[in-house]
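Biologist: I would like to learn how to read a few features of a protein model. Could we go through them one at a time?

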Amino acid sequence: MFESLSDRLGKIFEGLRGRGALNESDVDAALREVRRALLEADVSLEVVKAFVEQVRERAVGAEVTRSVTPGQQVVKIVHDELVKVLGETQVPIDFSTTPPMTMLMVGLQGAGKTTLSAKLAKRMKERQGKKVLMASLDDRRPAAKEQLRVLGEQIGVDTLPIQLNEKPVDIAKRAQREGKLGGYDVLILDTAGRTHIDEELMEETAAVKAATDPHEILLVADSLTGQDAVNLARSFDARVDITGIVLTRVDGDGRGGAALSMRAATGKPIKLIGTGEKLDALEDFHPSRIADRILG
Ligand code: GDP
């Protein structure tokens, strides 16, 4: 499939095994390959440019140590910088509030919000013994509410009883009341998505936020999102101030460039990744693993 960046850089530096520092022309040749690899990994152009500049600053003049080739040295610098931009450490879901801790799932239709709601509910229930309530705020597609209800049944997690013709904000408020009365630890609100970002979607999401003051607002995004990733993440973050990002379909063909784009665009942590359709396919996000994937 893809030739890995390490292999490509190895070729550039073939025959150039001399010790000493990396000079500017070696680095520039290498950076052209880095740039190409990042674009192939679907990192947005804007983020690639800024990133390559950062790597250049570190690479020019860097000492090449005895144990590695210049190619390996540049790969290491790129890897380190990727990990840095991706956030270095794992940031868990924050439960530090009075229960029920309200979580809002936002994002485009088909991103994987409903699936993630069920995956998270299952994990919190099984690993942390939390009592979870889920509610679908989709007032347009009855099938979406039904989908969440069925998933809830599968995993033994309660869903808010469905009432016809109720608006998203009203459903969310009813869910919070039910969450308090029923002694739930966590309330997961699954919002309706649209196929693209529009004003109506943003207004609805902002209205739900204002009505419920969620403790976590997770932007759920398909890891195969390409050049739109920056725009998507910025739009949601500017409007509702997300607390984290969850990337889905990391099991797909992509190289995970959306992770870098979204993190760089918002500075918000990527908390979790979805790695399959099954309800157990949820993992904590580890920056170095995604860096490996981006490098190929
Ligand atoms: P929503 O519209 O944002 O609620 O998206 P859904 O949760 O309905 O997910 C849309 C489709 O993506 C469904 O067929 C899910 O099974 C699938 N899906 C969700 N997360 C993942 C994932 O991490 N990997 C894979 N392969 N499929 C996923």
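Biologist: At what angle do helix 7 and helix 8 pack, and how far apart are their axes?

Modeller: Keep in mind that this model is predicted. Helix 7 covers residues 168-181 and helix 8 covers residues 199-212; they pack at an angle of about 30°, with axes 9 Å apart. Angles under 35 degrees count as roughly parallel, so helix 7 is roughly parallel to helix 8.

Biologist: Which residues make the contact of helix 7 with helix 8?

Modeller: Helix 7 contributes P168, V169, A172, K173 and Q176, while helix 8 contributes E204, A207, V208, A211 and T212. By class, this contact has six nonpolar, two polar and two charged residues. The crossing in which helix 7 passes helix 8 is right-handed.

Biologist: What about helix 4 and helix 11: at what angle do their axes cross?

Modeller: The axes of helix 4 (70-86) and helix 11 (residues 287-295) cross at roughly 130° and come within 9 Å. An angle between 115 and 145 degrees is neither roughly perpendicular nor roughly antiparallel, so helix 4 is oblique to helix 11. Helix 4 passes helix 11 in a right-handed crossing.

Biologist: Which residues meet there?

Modeller: From helix 4 come V75, V78, H79, L82, V83 and L86. They meet P287, S288, I290, A291, D292, I294 and L295 of helix 11. Sorted by class, the residues of this contact are ten nonpolar, two polar and one charged.

Biologist: How do helix 9 and helix 10 pack?

Modeller: Helix 9 (residues 229-240) packs with helix 10 (residues 257-266) at an angle of about 40°, and their axes are 8 Å apart. Helix 9 and helix 10 are therefore oblique to each other. Their crossing is right-handed. On the side of helix 9 the contact is made by A229, V230, L232, A233, R234 and D237, and on the side of helix 10 by A258, S261, M262, A265 and T266. Those residues divide into seven nonpolar, two polar and two charged.

Biologist: Now the loops. Where is the cis peptide bond that involves P100?

Modeller: To read a peptide bond, look at its omega angle. The cis bond joins P99 and P100, and its omega is about 0°. P100 lies in the loop between helix 4 and strand 3 (101-106).

Biologist: What is the phi of E88, and is the value positive or negative?

Modeller: Phi of E88 is near 60°, a positive value in a residue other than glycine. E88 is also found in the loop between helix 4 and strand 3.

Biologist: Last, the ligand. How many residues are around the ligand, and which come nearest?

Modeller: There are 17 residues around the ligand, and G110, T114, T115, R249 and D251 come nearest.

Biologist: Which polar atoms lie by the oxygen atoms of the ligand?

Modeller: For R249, a polar side-chain atom lies 2.6 Å from an oxygen atom of the ligand. For G112, a polar backbone atom is 2.9 Å from an oxygen atom of the ligand. For G274, a backbone N or O atom lies 3.2 Å from an oxygen atom of the ligand.

How values were computed:
Residues numbered from 1 in each chain as written. Predicted model: local features only at pLDDT ≥ 70, side-chain atom pairs only at ≥ 80, totals over all residues. Heavy atoms only, no water. Axes fitted to C-alpha atoms, helices over the stretch in contact; angles between N-to-C directions. Helix = DSSP H or I, 4+ residues; strand = E, 2+ residues; numbered from the N terminus. Parallel < 35°, antiparallel > 145°, perpendicular 65-115°, else oblique. Left-handed = near helix turned anticlockwise from the far one by under 90°. Contact = heavy atoms within 4.5 Å. Nonpolar A, V, L, I, M, F, W, Y, C, P; charged D, E, K, R; others polar. Near = heavy atom within 4 Å. Polar contact = N/O pair within 3.5 Å; in protein donor to acceptor, adjacent residues only side chain to side chain.
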